[in-house]
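This briefing covers how neighbouring chains meet in the model shown below.

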4 protein chains.
Amino acid sequence: MSFARNIAAEALGTAMLLAVVVGSGIMGQRLAAGNDAIALLGNTIATGAGLVVLIHMFAPLSGAHFNPVVTLTFLLRGDTAPRLALFYVAAQFNGAVIGVWAAHAMFGEPLWQISTKLRDGWGQGLAEAIATFGLIGTILTTQRSRPEFTPTAVGLYITAAYWFTASTSFANPAVTLARSLTDSFAGIALPSVPLFIASQIAGAVVALLVFGWLILEEPPHV
Amino acid sequence: MSFARNIAAEALGTAMLLAVVVGSGIMGQRLAAGNDAIALLGNTIATGAGLVVLIHMFAPLSGAHFNPVVTLTFLLRGDTAPRLALFYVAAQFNGAVIGVWAAHAMFGEPLWQISTKLRDGWGQGLAEAIATFGLIGTILTTQRSRPEFTPTAVGLYITAAYWFTASTSFANPAVTLARSLTDSFAGIALPSVPLFIASQIAGAVVALLVFGWLILEEPPHV
Amino acid sequence: MSFARNIAAEALGTAMLLAVVVGSGIMGQRLAAGNDAIALLGNTIATGAGLVVLIHMFAPLSGAHFNPVVTLTFLLRGDTAPRLALFYVAAQFNGAVIGVWAAHAMFGEPLWQISTKLRDGWGQGLAEAIATFGLIGTILTTQRSRPEFTPTAVGLYITAAYWFTASTSFANPAVTLARSLTDSFAGIALPSVPLFIASQIAGAVVALLVFGWLILEEPPHV
Amino acid sequence: MSFARNIAAEALGTAMLLAVVVGSGIMGQRLAAGNDAIALLGNTIATGAGLVVLIHMFAPLSGAHFNPVVTLTFLLRGDTAPRLALFYVAAQFNGAVIGVWAAHAMFGEPLWQISTKLRDGWGQGLAEAIATFGLIGTILTTQRSRPEFTPTAVGLYITAAYWFTASTSFANPAVTLARSLTDSFAGIALPSVPLFIASQIAGAVVALLVFGWLILEEPPHV
């Protein structure tokens, strides 16, 4: 793959991911008649199924990180070059915002929105740390023992994490920042963003240490 | 496969797909007590699971296009001969209508119905273009890198797209026209059909260009 | 496998299937506060997931037919010997009843019940014929082209068929008769049973003819 | 794998499993506006998807038992050494409690809770015996015929068992005891715990006998 194709694929994949997350959140909220559990069920099924497809689609094209802490993980493990990592992160943030706007445009909402949904408190921070810890653990372990299953594993993990974490598992700084630009079901107010991103980075670093140790003696796949 | 078997399989598969889409929409609407999110959940699970099975069943028999823009895509890429493509599209339109009538018959509804549900506006058009763009992208990328996963990928993609696109993702001209013949949950009024079909063709053409470029350097599967 | 193990496995598997179908129906009805779509969602997810597991578990032990029309299909195609087929059908009917009673016992209901839920009319008959046609078609086509996928295909097919057929897809004479012995969500009144079973046999025969023709020229798997 | 990594992996995996079970129960209960079927749907989808991922993650590290009766089964079949089994069971009980506390912390609930939800009666005991019988049967049969499918089979089995058993299928003594420490949707009062654990052990022993006989003549996988 040429460099330009790599970056374009990473941006397009992240944009499609955000269109799925935000679009299905709007659809759920509009149809669920005020029952947030039903809205979250639709949001969950769409995001889980969408992630499995998107990672399968883009893994051969860009690696399908879609997530700065995933890129950071591969950078720290020496699997992604620093220059490429920088461009990937930029592509992820820009793609994510475009995806949010695409969702707004489809649903006839104003493109430019600012979320007013505060997501604060230690519980939310811990939830994001645990969510990201599990996500990075999912990737590191399955990449080593059964790499062809990793795309499905990530989709299933996020399906679970939408429900078991108090924050509904953003687990992704690009997704977090972009979701501050939608005042819908999936939104997050800007003041809550720094806690989320800091927790995500912390969770990823702990995952790197813990799972790095756990898989140390396991022979790599061939 | 003989020519006749090809065409018959394509028509039967498309008929079964429409029976699933329209039948599960009627079931959802009848049972959900007015909560459209719950009706859409049932409609989604049935359609997604059904598509995965139907494509596995008919892929060895006809290729399991079930969709004129999919046939158009394979025609433009030189994978389907023009004469076969023409018969496929005819089989798809006829099969789709028969599937709608089969759903009506099972649920004791009048066979002949005309939908009154308008689905208009730029947002709906954009939604259909994005839905079809993603569908064609799903097929082109997974066919190249992991073809045995394409049937599952298409089912999961439509599962997501029922929720993340404002139009609930028709993404198929034969499905669109046939759904104008049901005045139930899955229906679309005839005046809204041209916008949907034009948007679907536009989305498919853009997908051919974008994903055709993205997968250009990737070696084909062997 | 010895003959006794074959029969025992077929009976146990069918019993577990009925415990899943009837048990999850009772659970859905008890919790769903009168919303039948929500009850059916729980019933569907349990049955679909349960079928995939049960067929994987019992396929190497008995073939995992769990269904007299499936046994009939394999008998007519020459894949099952007549004497074994006879014992299988007996095992299926007996296992099914035991499964219903196990569900009643778990939920603290009287073991012996007679359903009062009439499921009559041409639409219901057509629905059962179509449901069984699709089930046999799923088995015949995937067994030929991708046999390791058949267990999953059957589970996904029934997931879809619970929603797209007006009868919620019994598609199985042993299941039908056993469900006349539960006066819960999944029940069927005895007077409706003959129509269901006749329609199931008709659907299976048509599937044998249609799919037998469609897959005629496809080379068998090796 | 060194001994320490084995034990640490087993404890961490069990902790993550309980965080999923209890956390998604709290989320479901908070959002479902009193409709327990909707809460259970969210709880089910999270637990099923989470189990598939967790077993894939930890199977190469510790075997991913997460369950004293699974460890007991492997001990009785001679697949796990007695000393390792002892440490595993300790790791499971300790990990399970930590997982419950992690869920409480994320959702801003008091860490230390005692459940008041009585789950008593013969039906509940039978349900736990059947639930565990099916779980051990799932593991024994799929491990023999298709071991790469076992992680998915267990997740799908529990998905079904949350709905078809009257007890919502704890099927695990460590999970049962830990869930006595949460006064939320997934809780169980301490007086009900002994019945559950005794039933689980009984179900496992019966499964060992029945499925041990059924798979006796089947050649092991190679």
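In this predicted model, the contact between chain A and chain B draws on 36 residues of chain A and 39 residues of chain B. Together the two chains bury about 3,000 Å², and carbon and sulfur atoms account for 78% of that area. On the chain A side, the residues that lose the most area to chain B are A:Arg5, A:Met57 and A:Met106, which together make up 23% of what that side buries.

**Chain A against chain B**

- There are zero salt bridges between chain A and chain B.
- Four residue pairs are in polar contact between chain A and chain B, counting pairs with both residues at pLDDT 80 or more.
- Three elements of chain A give two or more residues each to the side that touches chain B: α1 (3-31), α2 (36-62) and α4 (82-106).
- Of the elements on that side, α2(A) gives the most, with 14 residues.
- Sorted by class, the side of chain A that touches chain B holds 27 nonpolar, seven polar and two charged residues.

**Chain B against chain C**

- Here 36 residues of chain B are in contact with 38 residues of chain C.
- Chain B and chain C bury about 3,000 Å² between them, with 78% of the area from carbon and sulfur atoms.
- B:Arg5, B:Met57 and B:Met106 are the residues of chain B that lose the most area to chain C, and together they supply 23% of what that side buries.
- The number of salt bridges between chain B and chain C is zero.
- Five residue pairs are in polar contact between chain B and chain C, with both residues at pLDDT 80 or more.
- The side of chain B that touches chain C takes two or more residues from each of α1 (3-31), α2 (36-62) and α4 (82-106) of chain B.
- With 14 residues, α2(B) provides the largest share of that side.
- The class count for the side of chain B that touches chain C is 27 nonpolar, seven polar and two charged residues.

**How the copies are related**

- Chain A and chain B use different surfaces in their contact, since 6% of the contact residues of chain A recur in chain B.

**Confidence of the prediction**

- Chain A has a mean pLDDT of 96, and 97% of its residues reach 70 or more.
- For the complex, the predictor gives an ipTM of 0.96 and a pTM of 0.97.
- Where pLDDT is low, the predicted coordinates should not be read in detail.

Definitions and conventions: Residues numbered from 1 in each chain as written. Chains lettered and ligands numbered in written order. Predicted model: local features only at pLDDT ≥ 70, side-chain atom pairs only at ≥ 80, totals over all residues. Heavy atoms only, no water. Contact = heavy atoms within 4.5 Å. pLDDT = per-residue confidence, 0-100. Buried area = accessible area lost by both parts, 1.4 Å probe. Salt bridge = Lys/Arg side-chain N within 4 Å of Asp/Glu carboxyl O. Polar contact = N/O pair within 3.5 Å; in protein donor to acceptor, adjacent residues only side chain to side chain. Helix = DSSP H or I, 4+ residues; strand = E, 2+ residues; numbered from the N terminus. Nonpolar A, V, L, I, M, F, W, Y, C, P; charged D, E, K, R; others polar.
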